[in-house]
Amino acid sequence: MSAGEGWAPELAHRVRERARSVGIDRVGIVSADASPHLDAYRRWIGADHHGSMAYLARPDAVERRGDLSRTVPGVRSVIVVAEPYDPDDSPGVPDDPSMGVIARYARGRDYHKVLARKLRAIAGVLPDEVVARAYVDTGPILERDLARRAGLGWHGKNTMLIHPRRGSYCFLGVILVDVALPADPPFEADYCGSCRACLDACPTGALLGRDESGAPIMDARRCISYLTIEHRGAIPLELRPLMGNRVFGCDICQEVCPWNERFAEESSEPGYAARRPGERPTGVEAEVEAGVEVESARGGGASTGKDVSAETRADASGETRGVAYPAHPGTEAPSLIELLETALDEAAWDSFSKGSAIRRAGRAGFACNVCVGLGNWGSPEAVPVLSAALSDPEPLVRAHAAWALGRVGSVEARAAVSSRASIESDESVAEELAAALER
Ligand code: B12
Ligand code: SF4
Ligand code: SF4
C-alpha cells in the first residue's frame, strides 16, 4: 500500500516506541530492494557449504531470498530488530569434560516463540490496511544481510552480525511490510581489521575467512552448531573428537571475539535465562498445558503481525518457575551423564526440551551429541549410562554410544560393547561396535 509522505515517519516512530515497550531498543528499517548479496548466498550453496540443510538450497526459496515480494506481494520495507540473549557463561563448565555445554541461545525458552510474539506486538501498531508478516528464522530471508543494511552491525569473520557497542549475542527478527518506511543508513564499517581470533579458535576449522568479495564464509558441514542441531545421521567420525563437550550449538567463535569480551549486552528478557535442574517450562508452554493453544513460529511465519492478543496471553501466563517436573539437569551446568539419562527417557526428555530450541535436535539426535561428549571425556564413570544407550530403540544412538564406549576403553566398556555386538541386527551399529572393539 502507499503511505503519505508525512505518515511514514510517524509510523516508524510508533514502531520504535512499541519495540521499546516490549524490551527491544535495536530497531533498523531497510527498503525491501533486492539483496546485493544473493550471489554470495548462491556461491555458498553451490559449494555445498550448507550440508544437509536442504531447505536452504531449494531453488524457489533461494529466489525468494533475493526477491522479498515473492513472500509478501507489494512489500516495501523491512523492520529488523535485534534482541540480546544472556551472554554469561557458567563458570568452569566449558573446561570440565564431565559437563555438557549448551549454547547460550538455547538455555532458556525457544527464541522463535518469544521473539515472534514481540514482533506481533510491534506490528500491532500498524494500521489494519498494512500487510505485515513477521519472521524469526522461519522464512527464506537473509536476516543478517537485512540487519546490516538496516544499520544494526557488520558481518564478522565468524559470520555473525556484530554491533560495535553490543557484540553479537543477539537474535534477529524481521517484519516485512507493504508500506514504505524511512530507511536507516546501512552499516558500512568492518571492525574485524586484522583480527582472526575466531578463525584460530574454531575447533573444527569451519570458518574459512572472507572470500574475494569480502563475504565471510563458513563450511557449515564442519560447524559444531550444525552437527549438534541440524545434521541428521551419524556425526562424521573425524569431527567427533573435535567437538569436546559442546552438546547443543556452539559459541566458541563468539566467546573469543573482542567485541563480545568488551561489549556483550545483558538481556532483559527473563525467558532467556538458563533453566535450573528440573525447572518447569514457563510462559507459552505453561499456556499450552493450561489448554490455551498458541501459534508456533517455526515453519510458518505467516502471522498477520497484528495479533497482539496472543502477546497479552503470554504475559498472563503466571509464575511457574521452580515447580517440580520430571527430573532433568537443567541447561546451565548439566552433567553429561545426567544429560544422557535424560535423553534416554522420553518423559524426562519431554520435560527438558519442551519450549526450548533444544527440541529441534530430537531426542535421538541430542542423545548422539551427548554420547560424543561422553566419549571425549573418556571416563569409566560413563560406562553404565553408555551401556544403557546401547539398548536405545534408535540405531543412531546405539552407534554413537558404541563409539563413546570404544573411547573409554575399559574392561567394562569392552564387555558392554561385545555383549551388544552378539545381538545387534543393524548393520551400521554393528560396524561401530566392531570398530569400538578394535580400538
Ligand atoms: C542456516 C543457519 C545456521 C547454520 C549456518 C550458519 C552460517 N554461518 O551460515 C548453522 C546451523 C551452522 C548456524 C549456526 C548458528 N546460528 Co544460525 N542461522 C542460520 C539461518 C537459518 C540462515 C543463515 C544463512 O542463510 N546462511 C548462509 C550465509 C551465506 O548467509 P549469512 O550468514 O546470512 O551471510 C551473509 C553475509 O555473508 C552477507 N554477505 C554476502 N556477501 C557479502 C559481502 C561482504 C563484503 C559482506 C561484509 C557480507 C556479505 O550476505 C550473506 C548472504 O549472502 C539464520 C536465519 C536467517 N534466516 O538468516 C540463522 C542465524 C544466522 N543464526 C543465528 C544464531 C544465533 C546461530 C548460532 C550462534 C547458534 C549457536 N550458538 O549454535 C550459530 C552461530 C554459528 C556462526 N558462526 O554462524 C542468528 C544469528 C544472529 C547474529 N547476531 O548474527 C540467526 C540470524 C537466527 C536469528 N534469527 O537470530 N546457523
Ligand atoms: S560455532 Fe563453533 S564450530 Fe561453528 S564456526 Fe563457530 S567456533 Fe566453529
Ligand atoms: S573474533 Fe575478530 S575476526 Fe572474528 S568476528 Fe570478532 S573481531 Fe572479527
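Modeller: Ala, Val, Leu, Ile, Met, Phe, Trp, Tyr, Cys and Pro count as nonpolar, Asp, Glu, Lys and Arg as charged, and the others, Gly among them, as polar. On that basis the shell around ligand 3 has eight nonpolar, two polar and one charged residues. This is a predicted model, in which local features need pLDDT of at least 70 and side-chain atom pairs count only at pLDDT 80 or more, while totals for chains, interfaces and linings use all residues. Residues are numbered from 1 along each chain as its sequence is written, chains are lettered from A and ligands numbered from 1 in the order in which they are written, and side-chain values use heavy atoms, with hydrogens and water left out.

A residue belongs to the shell if one of its heavy atoms lies within 4 Å of the ligand. Around ligand 3 these are Gly 156, Lys 157, Asn 158, Ile 162, Cys 192, Cys 195, Ala 197, Cys 198, Cys 257, Pro 258 and Trp 259. At least two of the shell residues come from each of α6 (197-201) and α9 (258-263); helices (H or I, at least four residues) and strands (E, at least two) are DSSP runs, numbered from the N terminus.

As for the rest, the protein has 18 helices and ten strands. Of its 439 residues, 56% are buried, meaning under 20% relative accessible area, with exposed over 50% and partly exposed in between (1.4 Å probe, protein chains only). Among contacts (heavy atoms within 4.5 Å) with a separation of 6 or more, 76% join residues 24 or more positions apart.
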